[in-house]
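Good morning, colleagues. Please take a moment with the sequence and the structure on the screen, and then I shall go through several parts of the fold in turn.

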Amino acid sequence: MSPPIVDSPELFPTKLLETPMVIDLGSDSEPEDRKEHQDQDQDREILIFSDFDGTIFMQDTGHILFDSHGCGADRRKALDAQISSGERSFRKVSEEMWGSLDIPFGKGLEIIKGQLEIDPAFRDFHAYCLKQKIPFNIISAGLKPILRAVLEEFLGAEQAKHIDIISNDAVISEDGTAWKPIWRDDTPHGHDKAASIKQARAAATMSRPVIVFIGDGVSDLPGAREADILFARRGLRLHEYCIENNIPHIPFDTFADIKREIQRISKEEIRSKKYFNVPLP
Ligand SMILES: [Mg+2]
């Protein structure tokens with residue numbers, strides 16, 4: 001029997017590109033007591049984190065597999081309800097969902113690729129990040145072997161290699177009868193997105209990076225809490241939650257909206273802290 005498929009762990013994501021994009025905060029006169037803070041604000045750089053399922057891609061890679069070659073849509077929805085009600089943890093439920101699969105990795109990947117739709121503006125957005133040398137990282141509760149293969153399929157290996165993925169790993173038997181998530185940490189979510197972003201912020205070589213987070217679901221809230229600027233896919237749960245709780249955010253329909261906003265960020269907006277310090281309950 002061949003060894004199981006294991007995506008080797010990657011180093012932490014803040015692999016900064018040479019000469020990253022700099023937000024020029026200028027040198028307008030400021031009160032003396034703000035001078036020190038102002039000095040610290042010089043040359044702040046952008047660091048982007050994005051969710052994967054439902055954000056870069058319109059569907060959920062796990063759902064596609066569970067519904068077609070695992071527990072089925074009805075059971076999957078019942079299990080999702082258990083997470084929502086707090087009856088069981090995301091981690092426990094996910095282990096049951098992934099454990100229900102009976103399909104080899106390669107065949108599962110073909111099914112996913114056949115059903116997934118990428119955000120129509122994502123390729124252009126990521127090309128823009130590469131050109132501007134803005135680090136773009138994926139932060140996900142999904143399984144890294146799937147995410148990596150899907151990115152390479154949709155972006156090409158050359159472009160995809162510039163994206164770091166912070167997510168759970170997996171061990172999958174060759175015959176596809178045993179799918180086992182390898183959780184990133186010991187939390188009930190299996191992956192504490194907030195902790196990962198805090199680590200990235202601390203590890204960044206840049207001084208006080210501007211953290212941008214892009215997401216679609218409630219599971220993105222811990223990550224959103226760490227963001228300086230939050231983008232929420234319009235009409236989905238994260239967006240609704242932000243409205244219900246008066247959380248500063250920017251809704252988006254496609255990554256073209258995000259690109260436009262990133263281009264528009266000015267020193268005045270950074271100083272006003274319009275989108276900063278998302279106050280989550
Ligand atoms: Mg999502």
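Predicted model: local features only at pLDDT ≥ 70, side-chain atom pairs only at ≥ 80, totals over all residues.

Helices H3 and H4 are roughly antiparallel to each other, because their axes cross at roughly 165°, and an angle over 145 degrees counts as roughly antiparallel. H3 covers residues 73-85 and H4 covers residues 90-99, and their axes come within 9 Å. The crossing of H3 with H4 is right-handed. On the H3 side the contact is made by Arg76, Leu79, Gln82 and Ile83, and on the H4 side by Phe90, Val93, Glu96 and Met97.

Helix H5, residues 105-115, packs with helix H7, residues 144-155, at an angle of about 50°, and the axes are 11 Å apart. H5 is therefore oblique to H7. The crossing of H5 and H7 is also described as right-handed. Which residues of H5 and H7 meet? From H5 they are Phe105, Leu109, Ile112 and Lys113, and from H7 they are Pro145, Ile146, Ala149, Val150 and Glu153. The contact of H5 with H7 divides into seven nonpolar residues, no polar ones and two charged ones.

Let me turn to the core. In soluble globular proteins, nonpolar side chains tend to be buried together. In this model, the largest nonpolar core has 55 residues, and Leu147, Ile211, Val212 and Phe213 touch the most other members.

His249 lies in the loop between helix H11, residues 237-244, and strand S8, residues 250-252. Is His249 buried or exposed? His249 is buried, because 22 other C-beta atoms lie within 10 Å, and the cut-off for a buried residue is 20 or more. Apart from neighbours within four places in sequence, His249 is in contact with Leu230, Phe231, Ala232 and Cys242. Ala232 is 17 residues away from His249 along the chain, yet their C-alpha atoms are separated by 6.7 Å.

Finally, the chain as a whole. Its secondary structure comes to 13 helices and eight strands. Of its 281 residues, 36% are buried. Among contacts between residues at least 6 apart in sequence, 70% join residues at least 24 apart.

Terms used: Residues numbered from 1 in each chain as written. Helix = DSSP H or I, 4+ residues; strand = E, 2+ residues; numbered from the N terminus. Buried ≥ 20, exposed ≤ 12 C-beta atoms within 10 Å, placed from the backbone. Contact = placed C-beta atoms within 7 Å. Axes fitted to C-alpha atoms, helices over the stretch in contact; angles between N-to-C directions. Parallel < 35°, antiparallel > 145°, perpendicular 65-115°, else oblique. Left-handed = near helix turned anticlockwise from the far one by under 90°. Core = buried A, V, L, I, M, F, W, Y, C linked by C-beta atoms within 7 Å. Nonpolar A, V, L, I, M, F, W, Y, C, P; charged D, E, K, R; others polar.
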